[in-house]
Amino acid sequence: RCHLEGCNSRVVKIVGHCRYCQFSFCSTHRLPETHNCSNLDFCKQTSFEKNSSKLLREKCVKLKV
């Protein structure tokens, strides 16, 4: 069953496991924002770093002629 208090729904097998707080949730509460994940700040920081490094790799710089 879903780890969120008051929810009795079934856990989603693959995507229902939160890798930040290590609990299992139903399809409604599977996202860290919806189940008020205790490690939400860490989650946001990880996403920011991942996106930042990707954008820097894909940065286009035009050479001046």
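The model is a predicted one, in which local features need pLDDT of at least 70 and side-chain atom pairs count only at pLDDT 80 or more, whereas totals for chains, interfaces and linings use all residues. Residues are numbered from 1 along each chain as its sequence is written, and side-chain values use heavy atoms, with hydrogens and water left out.

The relative accessible areas below are read with buried as under 20%, exposed as over 50% and partly exposed in between (1.4 Å probe, protein chains only).

| Residue | Relative accessibility | Class |
|---|---|---|
| Cys-7 | 13% | buried |
| Cys-37 | 7% | buried |
| Tyr-20 | 14% | buried |
| Phe-42 | 55% | exposed |

Cys-7, Cys-37 and Tyr-20 are among the nine residues of the largest nonpolar core, a core being a set of buried Ala, Val, Leu, Ile, Met, Phe, Trp, Tyr and Cys residues joined through side-chain atoms within 4.5 Å.

The structure holds one aromatic pair. The rings of Tyr-20 and Phe-42 have centres 6.1 Å apart and planes at 75°, so the pair is edge-to-face (centres within 6.5 Å; planes under 30 degrees apart are stacked, over 60 edge-to-face, the rest tilted).

Notes
Phe/Tyr/Trp six-rings, centres within 6.5 Å; stacked < 30°, edge-to-face > 60°.
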